[in-house]
Every structure is written in C-alpha cells, then in structure tokens.
Amino acid sequence: MGGRAIVVTSGKGGVGKTTSTANIGLGLARRGQKVALVDADIGLRNLDIIMGLENRIVYHLVDVVRGRCQVRQALVKDKRFPQLSMLPASQVDQKESITPDEMKAVVAQLKEDFDYVLIDCPAGIEQGFRNAVAGADEGIVITTPDVSPVRDADRVIGLLQSSLGEPQLIINRMSTDMVKRGDMLNQQDVLDILAVRLLGIVPEDDEVVVAGNRGSPVILNEQSRSGKAFDRIVRRILGEEVPIPELNGHGGIMHRLGKLFFRR
C-alpha cells in the first residue's frame, strides 16, 4: 500500500503555506513517519530555506522530470530526521516546465517509498496549482482569518472539492486579542464561510518568523505556542482525537464584514 499524498495549498500567497508544509512534515517525521516534502513552486522555491537545506541541493524536480537524474538522487535528506527528505523546486525554470501528468508520475513514485508525501503548492489557481494537485490524494487549505485570504480560500476549496474531495482547513496567524476585540474574523466566522473540516488553528507568534529565518521549523521549539499548535495538527493527521481550542470573540466589524462579503 502506498503513502498518502497531501497537497498544502491556499488561494492567496503569504498566508503560511510553505511554513505549514515544513512544520507538518517535520512533525510527522519526528513521530516516526517516512516523509517526502515536494516543493512544487517552480521558479520561486522557499521550502529549502525554511528547512535549512538550501546549501545541499544538487538536483531538483525539473531535473527528475527531464530525466537528468533519478528521484532518489534529487532528494535531500534532513540530517535531524533521516526519514525526512525534500525534493526541491527549480529556481530557474517556469511552472510550465512540467505537466500535471509528469508531477503525478513523480508523486506516485515517492508514494512507494514514503508514508507521507506533502506537496507545497504555489499560490494561485494557474498551472502551478494544477501541477501540485495532480498527484495528490487529499488537500489541506491554509488561510489567515482575514476577509481577502478567506475569499480566495473559498475559491480553492471549490476546485479541490471537484478533484480531490473535501479538503481540511488550517487557520493560521490567529490573534486572540484581535478576535476578542472583534477586529479579526473568529474561528466560527471562518468555518461558517468555508464549511470544511477544521484541522487546526495556529496562533500569531513571532517565533515562526525567527524559526524560519534560522532554517529550524518552529515545531522543534516545544515551548512555542505555534510549535505546540503544529504538533496538535500532526497528531490529528495521524488519527488522534486532539481537541481544537476555540478562539471566538463577541462579534465586531470583521464579523459583520464576513457576513456581508460571504452571503450565499
């Protein structure tokens, strides 16, 4: 039986998609799973930096597709967790350099050797999105609790539902203070709008930025709030019943805007 291929995507860029991919992948590996991370953002790769693997790249995804190397030659192993590997994207090619069928073939090969294949999808719904989704079995959508990213996530969820089935949702950068003041969409607002299963909430936390700059994903910081949140998400992916803390405010201007923009 092959592994699970999960595409991590969003409608809008900059909501924490690549950071989530890195932390979930590292968390799964820390719990004994064999994990392959695939950077599908051809031309704009970042996953290698967040993972601290940027200086060890020899081959990349387009090299594999063009037959210039085997998949195993392009995989970069994480020295912290040998069961974790990353297939980097090319920095110099375009998203049109591969096709959905070629991506599907690469992911299928990885699924033979890994328990989980996490595909870091580029932002948007163009060729890069179609490539990343092609090889996936299921999807995780990342959004921040803001009107614009939620609206774009709604669009992506519709596309995933037509190809992969019901995706799961991670709400990233939730600020408890802003929710309580009614200045940010709360958990229930987002769920009412998007109507998909909530996989987890990651709080706003400066430690995420610090960890990313150091090439050491925040899940390795067991004292950080965001690290703990990512660990709970990993446990849910593995099938554990882990409660999701509620961060619901009393309804402010963002609550009313959410209701206004997303009337169905």
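Guide: In what follows, a helix is a DSSP run of H or I with at least four residues, a strand is a run of E with at least two, and both are numbered from the N terminus. The model discussed here is predicted.

Visitor: In which helix is Val-62 found?
Guide: Helices take their numbers from the N terminus. The run that spans residues 61–65 includes Val-62, and this run is helix α3.

Visitor: How many helices and strands does the chain have?
Guide: Val-62 belongs to one of the helices, α3. For the chain, the count comes to 12 helices and eight strands.

Visitor: What radius of gyration does the chain have, and what would a compact globule have?
Guide: The C-alpha trace spans about 55 × 40 × 35 Å along its principal axes. For 264 residues, a compact globule would have a radius of gyration near 18 Å. The chain agrees with that expectation, at 18 Å.

Visitor: What percentage of contacts between residues at least 6 apart in sequence join residues at least 24 apart?
Guide: Buried residues make up 56% of the 264 residues in the chain. Among contacts between residues at least 6 apart in sequence, the share that joins residues at least 24 apart is 76%.

Visitor: How far apart do the centres of the positive and negative side chains lie?
Guide: The accessible surface of the chain is about 11800 Å², with 46% of it belonging to carbon and sulfur atoms. As for charge, there are 34 positive and 34 negative side chains. The separation between the centres of these two sets is 1 Å.

Visitor: Is Val-62 buried or exposed?
Guide: Val-62 touches Ile-42, Arg-68, Ser-90, Asp-93, Ser-97 and Ile-98, leaving out residues up to four places away in sequence. Its C-alpha atom is 9.6 Å from that of Lys-95, a residue 33 positions away in sequence. The relative accessible area of Val-62 is 2%, and a value under 20% counts as buried. Val-62 is therefore buried.

Visitor: The backbone nitrogen of which residue lies 3.1 Å from a polar atom of the side chain of Ser-90?
Guide: Ser-90 lies in the loop between β4 (84–87) and α5 (100–111), and it is buried, with a relative accessible area of 0%. Beyond four places in sequence, its contacts are Ile-42, Gly-43, Leu-44, Arg-45, His-60 and Val-62. A polar atom of its side chain also lies 3.1 Å from the backbone nitrogen of Val-92.

Visitor: What distance separates the C-alpha atoms of Pro-88 and His-60?
Guide: Pro-88 has its place in the loop between β4 and α5, where it is buried, with a relative accessible area of 1%. Apart from neighbours within four places in sequence, Pro-88 is in contact with Asp-39, Ile-57, Tyr-59, His-60, Leu-61, Ala-74 and Val-76. Along the chain, Pro-88 and His-60 are 28 residues apart, yet their C-alpha atoms are separated by 5.0 Å.

Visitor: Which residue caps the N-terminal end of helix α10?
Guide: Helix α10 covers residues 206–214 and is followed by Gly-215, whose phi is positive, near 70 degrees. At the N-terminal end, a side-chain oxygen lies 3.0 Å from the backbone nitrogen of Glu-207. The residue that provides this oxygen is Asp-205.

Visitor: What is the relative accessible area of Ser-226?
Guide: Ser-226 lies in helix α11, residues 225–237. Not counting residues up to four places away in sequence, it touches Val-202, Pro-203, Asp-205, Val-208 and Val-218; among them is Asp-205, the cap of α10. Ser-226 is buried, and its relative accessible area is 0%.

Visitor: Which residues does Lys-228 touch, not counting residues up to four places away in sequence?
Guide: Lys-228 has its place in helix α11 and is partly exposed, with a relative accessible area of 42%. From Asp-78 it is 150 residues apart in sequence and 21 Å apart in space, C-alpha to C-alpha. Lys-228 touches Glu-222 and Gln-223.

Visitor: What is the value of phi of Arg-173?
Guide: Arg-173 has its place in strand β7, residues 168–174, and is partly exposed, with a relative accessible area of 33%. In this residue other than glycine, phi is positive, near 60 degrees.

Visitor: Where is Ala-195 found?
Guide: Ala-195 is a residue other than glycine with a positive phi, near 55 degrees. Its position follows from the DSSP runs, so it can be given by the elements on either side. Ala-195 is found in the loop between α9 (187–194) and β8 (197–203).

Conventions
Residues are numbered from 1 along each chain as its sequence is written. This is a predicted model: local features need pLDDT of at least 70, side-chain atom pairs count only at pLDDT 80 or more; totals for chains, interfaces and linings use all residues. Side-chain values use heavy atoms; hydrogens and water are left out. The radius of gyration is taken over C-alpha atoms; the globule rule is 2.2 Å times the number of residues to the power 0.38. Buried means under 20% relative accessible area, exposed over 50%, partly exposed in between (1.4 Å probe, protein chains only). Contact means heavy atoms within 4.5 Å. Accessible areas come from the Shrake-Rupley method with a 1.4 Å probe; for residues, only the protein chains shown count as cover. Lys and Arg count as positive and Asp and Glu as negative; His and the chain ends are not counted. The place of a charge is taken as NZ of Lys, CZ of Arg, CG of Asp or CD of Glu. A polar contact is a pair of N or O atoms within 3.5 Å; within protein, one must be able to donate a hydrogen and the other to accept it, and residues adjacent in sequence count only if both atoms are side-chain atoms.
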